[in-house]
Amino acid sequence: MTLLRKKDRVLPGLSLTLGFSVLYLSLIVLIPLAALAIKSAELSPSQWWDTVSGPRVVASYRLSLLTAFFAAFVNLVFGLLLAWVLVRYKFPGKKIVDGLIDLPFALPTAVAGIALTTIYAPKGWVGSLLEPLGIKVAYTPIGITLALIFIGIPFVVRTVQPILQDMESDMEEAAVLLGSYRARTFFKIILPDLIPPLLTGFALAFARGIGEYGSVVFISGNMPMKTEIAPLLIITKLEQYEYAQAAAVAVVLLLISFFLLFLINILQRWSNRRLRTVKGG
């Protein structure tokens with residue numbers, strides 16, 4: 001038995017692998033975060049508070065959080081629909097559509113921002129059609145939300161898609177045979193199993209949206225107090241050699257992200273526990 005266990009271990013022992021894991025995590029995550037906190041600590045408490053609570057900074061926080069939330073919510077709905085279509089239906093060009101889902105991962109964010117700005121600018125292909133209707137997309141929060149939807153949709157689709165593929169259809173078919181309506185079958189049988197991956201996809205898209213810069217900086221217009229996102233404000237302070245102030249703004253943004261992700265993880269655990277209880281009962 002001991003020999004079999006030793007043969008089954010492809011990687012080296014716990015101490016070696018754990019050491020490499022901690023070293024890698026420290027170099028990539030812990031040391032940069034610690035340096036960020038140390039740099040912001042160069043400010044006095046009053047200076048730190050004045051920096052992170054200024055009207056311009058608060059407006060950038062509000063814009064980043066709201067647009068990221070609405071974009072993640074839109075992706076939550078339409079990401080589920082896309083994953084459902086890709087898993088449950090066969091149609092010409094399905095593999096092409098499935099590959100296009102990952103385009104935001106492969107496409108440089110700056111290229112995506114320039115493309116979206118070109119399309120939705122007042123003289124762009126779509127913007128020129130919307131302008132007579134009084135709808136302005138580029139250089140508004142709507143444009144920022146649109147850019148965040150573009151870069152966030154793969155997170156929801158790729159999180160939900162494997163769950164749908166592995167989902168057994170026995171209970172679904174039984175419900176249909178018993179005369180259950182399609183909507184009732186979906187909400188009572190299918191959706192409960194999809195809540196955990198949906199929450200995970202929402203959290204990933206939301207977190208990505210809060211810190212997104214490249215795809216938003218062009219379409220936002222960068223107007224202070226109106227369309228200036230928090231990452232852009234950090235870059236602006238860095239360009240002005242205000243390194244401690246930039247670090248302070250980044251720390252607050254990081255704490256907000258951690259808190260929201262922690263809250264979503266609690267909701268995800270609660271939904272998993274509730275789902276196991278329902279199935280067990």
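Colleague: What volume does the largest cavity have?

Modeller: The model is a predicted one, and in it the largest cavity has a volume of about 40 Å³. The count of cavities of 30 Å³ or more comes to 1.

Colleague: Which residues line the largest cavity?

Modeller: The lining consists of S64, T67, I144, L148, G209, I210, E212, V216, I229 and P231. Two or more of the lining residues come from each of the helices α4 (55–88), α9 (141–166) and α11 (182–211).

Colleague: How do the residues of that lining divide into nonpolar, polar and charged?

Modeller: There are 6 nonpolar residues, 3 polar and 1 charged.

Colleague: Now the rings. How many aromatic pairs are there?

Modeller: The count is 6 aromatic pairs. One of them joins F105 and F155 edge-to-face, at 5.2 Å centre to centre and with 80° between the planes. This pair links distant parts of the chain, since F105 belongs to helix α6 (residues 103–106) and F155 to helix α9, 50 residues apart.

Colleague: Which residues form one aromatic cluster with F202 and F206?

Modeller: F69 and F70 complete that cluster.

Colleague: What sits over the ring of W84?

Modeller: The charged end of R88 does, 4.4 Å from the ring centre.

Colleague: A change of topic: where is T227 placed?

Modeller: T227 lies in the loop between α12 (217–220) and α13 (230–239). Its relative accessibility is 2%, so T227 counts as buried.

Colleague: Which residues does T227 touch, leaving out those up to four places away in sequence?

Modeller: T227 touches L63, Y139, T140, P141, I144, S220, G221 and N222. As for T140, its C-alpha atom is 6.1 Å from that of T227, although the two residues are 87 apart along the chain. I144, also touched by T227, is one of the residues lining the largest cavity.

Methods. Residues are numbered from 1 along each chain as its sequence is written. This is a predicted model: local features need pLDDT of at least 70, side-chain atom pairs count only at pLDDT 80 or more; totals for chains, interfaces and linings use all residues. Side-chain values use heavy atoms; hydrogens and water are left out. On a 1 Å grid over the protein atoms alone, a cavity is a set of points where a 1.4 Å probe fits but cannot get out, and a pocket is an open set with protein on both sides within 12 Å along at least five of seven lines; lining residues have an atom within 4 Å of a point. Grid points are joined across faces, edges and corners, and a volume is the space filled by probe spheres set on the points. Helices (H or I, at least four residues) and strands (E, at least two) are DSSP runs, numbered from the N terminus. Ala, Val, Leu, Ile, Met, Phe, Trp, Tyr, Cys and Pro count as nonpolar, Asp, Glu, Lys and Arg as charged, and the others, Gly among them, as polar. Rings of Phe, Tyr and Trp (its six-membered ring) pair if their centres lie within 6.5 Å; planes under 30 degrees apart count as stacked, over 60 as edge-to-face and the rest as tilted. A charge sits over a ring if NZ of Lys or CZ of Arg is within 6 Å of the ring centre and within 35 degrees of the ring normal. Buried means under 20% relative accessible area, exposed over 50%, partly exposed in between (1.4 Å probe, protein chains only). Contact means heavy atoms within 4.5 Å.
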